[in-house]
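Here is a briefing on one protein model and its ligand. Please keep the structure open while reading.

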Amino acid sequence: MSLFEKADKIITNFELATKNPIIPTNKEKLFVGVDLGTAYIVVTVLDEDKNPIAGAYRFAQVVKDGIVVDYIGALNIVKELKKEVEEKIGCELNCAAVAIPPGTTINDTRYIKNVAEGAGFEVTNIVDEPTAANSVLKIKNGVVVDIGGGTTGLAVLKNGQVVYIADEPTGGTQCTLVIAGAYGISFEEAENLKKDPGKQLEISAVLKPVAEKIATIINRHIKDYDIDAIYLVGGTSCMLNIEKVIEKVVGIKTFKPQNPLFVTPVGIAMNCINN
Ligand SMILES: Nc1ncnc2c1ncn2[C@@H]1O[C@H](COP(=O)(O)OP(=O)(O)OP(=O)(O)O)[C@@H](O)[C@H]1O
Ligand SMILES: [Mg+2]
């Protein structure tokens with residue numbers, strides 16, 4: 001059995017559910033997550049057994065490193081995504097969990113919560129992103145690293161407990177800027193080129209210095225812990241061979257699930273309290 005067999009299955013089911021939603025039998029007991037990311041805003045819905053049944057997402061730049069920079073923009077997108085999902089599954093979404101990058105101040109947390117509440121959710125839980133991700137991965141020992149659009153967040157786990165969290169401002173946006181500079185193209189063009197399936201080998205070479213920088217960040221934060229494995233999630237972990245670069249620099253076995261992009265959003269929903 002592969003290391004991430006269960007997690008991969010959940011994420012695949014989520015991806016399928018975004019295209020073909022499943023009507024829940026128990027509409028009163030849904031688990032909902034709202035991920036206000038720097039790059040993607042995602043609404044995730046799980047049924048009473050925590051199986052993914054629906055979801056919607058949008059690429060948007062209304063949040064920067066856990067800080068809502070365009071409140072109205074963020075609010076409108078969450079409202080739209082909520083409505084979209086509600087129409088797909090034929091019922092209203094009430095409770096939701098939201099997530100914050102590790103180390104976010106109370107003030108910034110309030111904004112994130114306000115966006116979800118303004119869109120009509122009752123926010124029943126607030127979790128930090130790598131901890132949310134680990135609700136899907138279920139790692140007992142090691143470090144979960146969420147390499148997102150704006151930041152790299154990490155959570156060190158010992159016997160299933162989070163013992164240390166950190167967040168640093170390096171992620172996918174920086175990768176896109178490096179590509180834009182290297183090819184002399186716009187940010188939007190660079191963002192598309194970065195995700196072009198046919199260009200992954202070339203892109204991974206251009207982005208190697210950023211991957212090495214991320215590795216250095218991980219190294220700095222885990223140096224006082226006895227870590228036997230690194231687990232990558234977040235959209236930037238989709239980058240070809242990033243796990244190999246990190247493994248080489250840090251010198252610790254590094255793994256990533258099939259699709260690291262939706263691990264945190266699904267994990268946020270798993271932390272929704274709905275009773
Ligand atoms: N195939 C890919 N290769 C490289 N990068 C990718 C790929 N797919 C998505 N990304 C990048 O992943 C990032 C988005 O990841 P994610 O959704 O985890 O971030 P976020 O939650 O929006 O941001 P943050 O957690 O930092 O606030 C974007 O920068 C996007 O360009
Ligand atoms: Mg994120």
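Predicted model: local features only at pLDDT ≥ 70, side-chain atom pairs only at ≥ 80, totals over all residues.

Residues are numbered from 1 along each chain as its sequence is written, chains are lettered from A and ligands numbered from 1 in the order in which they are written, and side-chain values use heavy atoms, with hydrogens and water left out.

**Nonpolar cores**

- A nonpolar core is a set of buried Ala, Val, Leu, Ile, Met, Phe, Trp, Tyr and Cys residues joined through side-chain atoms within 4.5 Å.
- Buried means under 20% relative accessible area, exposed over 50%, and partly exposed in between (1.4 Å probe, protein chains only).
- The largest core holds 32 residues, and Leu36, Val45, Ile89 and Leu93 have the most contacts inside it.
- H2 gives this core its largest share, seven residues. Helices (H or I, at least four residues) and strands (E, at least two) are DSSP runs, numbered from the N terminus.
- Another core, of 29 residues, lies apart from it; among them are Ile11, Val42, Val127 and Ile268.

**Ligand 1**

- Around ligand 1 sit 19 residues (a heavy atom within 4 Å). The closest are Thr38, Ala39, Tyr40, Glu191 and Lys194.
- Polar contacts are pairs of N or O atoms within 3.5 Å; within protein, one must be able to donate a hydrogen and the other to accept it, and residues adjacent in sequence count only if both atoms are side-chain atoms.
- A ligand oxygen lies 2.3 Å from a side-chain N or O atom of Glu191.
- A polar backbone atom of Ala39 is 2.7 Å from an oxygen of ligand 1.

**Helix H4**

- Eight of the nine residues of H4 (residues 129–137) are buried, so the rest of the structure largely encloses this helix.
- Just after H4, Lys138 has a positive phi of about 60°.

**Salt bridges**

- The count is 11 salt bridges (a side-chain nitrogen of Lys or Arg within 4 Å of a carboxyl oxygen of Asp or Glu).
- Glu191 and Lys194 pair at 3.6 Å, N to O. Both are buried. A network of salt bridges links Glu191, Lys194 and Lys195.
- Arg220 and Glu168 pair at 3.1 Å, N to O. Arg220 is in helix H8 and Glu168 in strand E10, 52 residues apart.
- Arg220 is partly exposed at 43% relative accessibility, whereas Glu168 is buried at 16%.
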